Amino acid sequence: MKTVDEHLASVLAGIGPLSALELTLLDAHGCVLAEDVSATHPLPPFDNSAMDGYAVRSVDVASASEQTPVTLPVVGDVAAGSTTPYSVQPGLCVRIMTGAPLPPGADAVVPQESTDEGLAQVSIRAAATAGQYVRRAGEDVTPGTVVLTNGTHLGATQIGLIAAVGRDRVLARPRPRVVILSTGSELVDPGQPLTPGKIPDANSALLTAASQEAGAIAFRVGIVPDDPRQLLDTLEDQLIRADLVLTSGGVSVGAYDVVKDALGRLGTVAFDRVAMQPGMPQGFGRIGPDETPFFGLPGNPVSAYVSFEVFVRPVLRRMLGVDPINRPIVRARLTDPVTSPYGKRTFARGWLTVEAGKYVVRPVGGSGSHLIASLSAANALIVVPDATTELEADATVDVMMLERRQR
Ligand code: AMP
Ligand code: MG
């Protein structure tokens with residue numbers, strides 16, 4: 001048997017970030033930038049008003065106060081987007097809106113709250129200092145500045161910045177495309193009637209959602225019956241759009257274990273026993289002309305999911321080019337005992353909370369790898385070391401944090 005760490009090391013060997021592509025701005029969201037992005041124009045692009053109010057020469061309103069307001073004629077209006085060529089001559093002012101270009105001559109904006117909001121003339125009740133409520137061209141970014149460096153993981157705010165510098169495309173590493181199929185002649189699509197002996201295919205939905213959460217573009221192909229020819233044909237059809245292929249089911253030693261039967265013969269996929277619970281049988285290798293990475297995960301939903309978290313997600317994260325590739329592991333106090341077979345690393349379902357500033361984890365449900373309801377009630381996996389068979393209540397344990405969700 002291989003250890004979890006050995007198997008993880010062997011699946012990660014030879015996996016690197018995907019080659020960079022020119023991506024449209026929103027396709028690049030969640031991806032890793034593969035160029036330095038610079039500003040070609042200043043940000044803001046021109047001097048503009050930070051308030052709705054009046055553009056003035058500050059010297060003209062230096063003496064203004066509640067008791068001694070200053071009245072100025074208003075020569076016009078400038079709205080955001082306006083190109084009207086007003087200028088502010090001594091003793092005059094222009095009504096101005098937030099984001100509108102500051103007219104030549106003006107050096108300050110008096111907010112409308114400090115005025116009577118007059119249209120032909122305005123009474124100003126507060127003095128203004130030079131530069132007040134003026135957003136200067138280039139005060140955020142000067143032209144030529146690198147605003148984002150190669151390797152940046154693009155979240156919403158970085159996407160906003162790229163848009164603000166006027167780019168609609170960037171060079172970035174694309175999301176890996178994952179093809180997901182479930183094997184099993186007992187499976188029916190969710191929503192279809194169940195006949196005796198049949199069960200809904202939970203894994204392809206589960207693994208598709210998990211792949212998306214990991215940052216991949218996931219294609220749920222669905223069910224393939226336990227027939228080697230159909231499996232190989234489906235894989236051949238799907239390889240064209242795959243950076244990685246995931247199957248579930250058919251990897252153990254049963255008579256109809258189709259993935260093992262069909263792919264074992266190719267010689268490029270190995271079927272190993274990994275010292276873990278759940279998830280002992282694991283298939284991994286390369287298939288097709290492009291040597292696409294292939295995972296044959298076990299069929300029980302909990303085994304499939306835990307295998308995904310432990311082996312597949314790190315591979316997808318490596319392909320995306322992000323760091324860290326692993327889920328965060330925290331130390332937590334265990335509320336109740338947990339047992340584990342000797343020589344296997346157990347990933348037990350748990351509910352992680354913070355109490356009095358410390359992590360606390362409570363085991364959730366039984367250990368059966370078909371128990372998908374308790375999987376869904378967990379937000380963490382309690383990691384029991386390979387050589388440990390029993391953890392007492394109050395023991396301190398490693399806990400892998402899963403996706404953050406509200407209960
Ligand atoms: P297998 O690995 O194919 O022997 O499957 C192990 C167990 O997981 C069996 O009880 C299967 O019925 C079940 N199983 C396999 N694939 C799925 C699936 N896609 N959704 C739900 N259960 C499944
Ligand atoms: Mg099966």
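Predicted model: local features only at pLDDT ≥ 70, side-chain atom pairs only at ≥ 80, totals over all residues.
Let's look at the helices themselves. Helix α3 covers residues 203-213, and its buried residues are N203, S204, L206, L207, T208, A210 and S211. An α-helix has 3.6 residues a turn, so residues three or four places apart point the same way. What do the buried residues of α3 pack against? Their partners are the strands β13 (177-183), β16 (217-224), β17 (244-248) and β21, together with helix α6 (301-320).

Helix α6 is itself mostly covered, with 19 of its 20 residues buried. If you follow α6 along, you will find a kink of about 45 degrees, centred on F308.

Now turn to the aromatic side chains. How many aromatic pairs are counted here? The count comes to one. Its members are F284 and F295, whose ring centres are 4.8 Å apart; their planes meet at 55 degrees, so the pair is tilted. To be called edge-to-face, the planes would have to be over 60 degrees apart.

F284 belongs to strand β20 (residues 281-287) and F295 to strand β21 (residues 292-297), so the pair ties together parts that are eleven residues apart in sequence.

| Residue | Relative accessible area | State |
|---|---|---|
| F284 | 11% | buried |
| F295 | 0% | buried |

Both values fall under the 20% cut-off, so both residues count as buried. Remember that β21, the strand of F295, is also among the elements that the buried residues of α3 pack against.

**An open sheet**

Finally, find the sheet made of five strands. It is open, its order is β8-β5-β7-β6-β9, and the pairing is mixed. Strands β8 (108-111) and β9 (121-124) stand at the edges with a single partner strand each, so one side of each has no neighbour in the sheet. From one strand to the next, the twist averages 40 degrees.

How do β5 and β8 run relative to each other, parallel or antiparallel? Strand β5 (residues 53-56) and β8 run antiparallel, and four bridges join them. To see this pairing on your screen, look for G53, which stands opposite P111 in β8.

Terms used:
Residues numbered from 1 in each chain as written. Chains lettered and ligands numbered in written order. Heavy atoms only, no water. Phe/Tyr/Trp six-rings, centres within 6.5 Å; stacked < 30°, edge-to-face > 60°. Helix = DSSP H or I, 4+ residues; strand = E, 2+ residues; numbered from the N terminus. Buried < 20%, exposed > 50% of the residue type's maximum accessible area, 1.4 Å probe, protein only. Contact = heavy atoms within 4.5 Å. Pairing = 2+ DSSP bridges. Axes fitted to C-alpha atoms, helices over the stretch in contact; angles between N-to-C directions. Bend = angle between axes of the 7 residues up to and from the residue.
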